[in-house]
Amino acid sequence: MFDPEVETNPWRDQVRQDDAQYRRQVGYLLAHSAFYHSKLKQAGFATAEEIGGLDSIEKLPFTEKDEIRASCSENHPIGTHLAVRREEIVRIFSTSGTTGTPSYIPLTAQDLENWVVTSARSYSASGISPGEAIVSTYNAGPFVAGAALGAFDRLGMTHVPVGTGNTERLITAIRLLKPAAVVMTPSYAAYLAEWAEERRFDLKGSSVKRVLVAGEPGGGEPALRARLEEAWRAKVTEAMGIGDIGVSLWGECEEQCGMHLGGRGFVHPELVDPESGAPIAMEDGARGELVLTHLRHQAAPLLRFRTRDHVQVWSSPCRCGRTAPRVRCIGRTDDMLLVRGVNVFPSAIREVVNQFMPEVSGMILVKPQDPGVRQEPPVPVVVELAKDSAADPELAARIQKRFRDMLVFTAQVDLVPWGTLQRSEYKSKLVQR
Ligand SMILES: [Zn+2]
């Protein structure tokens, strides 16, 4: 464990410490963040006393990414939530987001340090240890992933960055440098499994004993995980963060039952109903959208930020000894389809299809017919067959039935030959409109 004293601290003690820290952060926001000064005032809160502690955080308005974006201008390229002088900023990351206009994420030296500590806790939960080598496959460049990669040197590992999209370089590094672990998107891990099989490279016999996946949902889905673990003969655990709040905020331990909050003490998590915004208790099995609040951020702190990540939560004790709650991402609001009142996530569709391996390749593409979220059934789903497998109407019928039984929606399954759908060395595209 990277930070045993913190990571095993009883959660109720953490909440008490977080409450004090939150009150300080709120005072800081009122004094230094023009964005929150005006937003909170409009919502009827002029003083820190009126805002109170974490037990009344639900009274405060949410912060949406679009509000931050709308506050940007030539004079305020970062946004009016910037709460420090420009000379206090040591790093500015960018995210492209989904709209194309980059948004800037500034960090002070202390913010950056907190991000690295968070990532170190989250990634070390996977069981990687000092002295081992790890190969990373992210093109950090302008992106927040750069801070996450800083965790590996912090953990005392030999970090070998090979970047995205260079499979030959990656495989050579695995062959020659014999890393104990690799870190990549689950899509790339799946792509490499096929790549290795095609070229008869012995992935199972390689030195890699842990595959750390992040960057998109999927690594925690049982069928996909089983498929990756089998192909790599390695343990697969996942991590997740969100650029505006922090990288690798969550990291899964060896128990593989959701990702612990590695960012504890830096970030306060809430679960809300995505439609009504009503709070949902963070108990075992609860599902909702994650809302995150910075507790000790300096450069551009956010309050009740809607992540658009839909998660399942566990709060019961974990055998690893970490006391922080755990989550698994079910999907993102942006990808969600609503079929006759039922929420359907493309990653859940993929998970159901993965249960039909080895008859299918595991690649899918959802093709919504109606613009927007609401879809009239049946929803077309392209399912790729395994190599040397022929289209069989009976298989399509079985998959459709499984969709009805498990996800409660009606699909039109279209089976296509192996190799039809595009593989990704980064993140998979599961939806095509
Ligand atoms: Zn655990």
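Q: How many residue pairs are in polar contact across the interface of domain 1 and domain 2?
A: Across that interface the rule finds seven residue pairs in polar contact, with both residues at pLDDT 80 or more; such a contact is a pair of N or O atoms within 3.5 Å, where within protein one must be able to donate a hydrogen and the other to accept it, and residues adjacent in sequence count only if both atoms are side-chain atoms. This is a predicted model, in which local features need pLDDT of at least 70 and side-chain atom pairs count only at pLDDT 80 or more, while totals for chains, interfaces and linings use all residues. Residues are numbered from 1 along each chain as its sequence is written, and side-chain values use heavy atoms, with hydrogens and water left out.

Q: Which elements give two or more residues to the side of domain 1 that touches domain 2?
A: On that side, helix 9 (186–198), helix 10 (222–232) and strand 14 (326–332) each give two or more residues, helices (H or I, at least four residues) and strands (E, at least two) being DSSP runs numbered from the N terminus. Helix 10 supplies the largest share of this side of domain 1, with four residues.

Q: OK, and where do the domains run in the chain?
A: Domain 1 covers 1–332 and domain 2 covers 337–416, with bounds that come from an automatic or database domain assignment. The contact between the two, meaning heavy atoms within 4.5 Å, takes 14 residues from domain 1 and ten residues from domain 2. Taken over C-alpha atoms, the centres of domain 1 and domain 2 are separated by 30 Å.

Q: How much area do they bury between them?
A: Domain 1 and domain 2 bury about 1000 Å² between them, and 45% of it is on carbon and sulfur atoms; this is the accessible area (1.4 Å probe) that two parts lose on being put together, summed over both. In domain 1, the residues that lose the most area to domain 2 are Glu221, Ala223 and Arg227, which together make up 42% of what that side buries.

Q: How many salt bridges are there between domain 1 and domain 2?
A: The count is two salt bridges between them, each being a side-chain nitrogen of Lys or Arg within 4 Å of a carboxyl oxygen of Asp or Glu. The whole structure has 28 salt bridges.

Q: What about glutamate 252, which residue does it form a salt bridge with?
A: Glutamate 252 forms a salt bridge with arginine 225, with the closest N and O atoms 2.7 Å apart. The pair links distant parts of the chain, since glutamate 252 is in strand 8 (residues 246–252) and arginine 225 is in helix 10, 27 residues apart. Both glutamate 252 and arginine 225 are buried, on a scale where buried is under 20% relative accessible area, exposed is over 50% and partly exposed is in between (1.4 Å probe, protein chains only).

Q: And arginine 319, is that one buried or exposed?
A: Arginine 319 is exposed, with a relative accessible area of 75%. Arginine 319 forms a salt bridge with glutamate 255, at 3.1 Å between the closest N and O atoms, and glutamate 255 is partly exposed at a relative accessible area of 32%.

Q: Which residues are linked in a network of salt bridges?
A: Arg308, Asp309, Arg332 and Asp334 are linked in such a network. Within this group, arginine 332 and aspartate 334 form a salt bridge whose closest N and O atoms are 3.4 Å apart. Arginine 332 is partly exposed, with a relative accessible area of 25%, and aspartate 334 also counts as partly exposed, at 37% relative accessibility.

Q: Switching topic, how many residues of helix 11 are buried?
A: Helix 11 (residues 346–354) is mostly covered, with nine of its nine residues buried, and the buried residues include Pro346, Ile349, Arg350 and Glu351.
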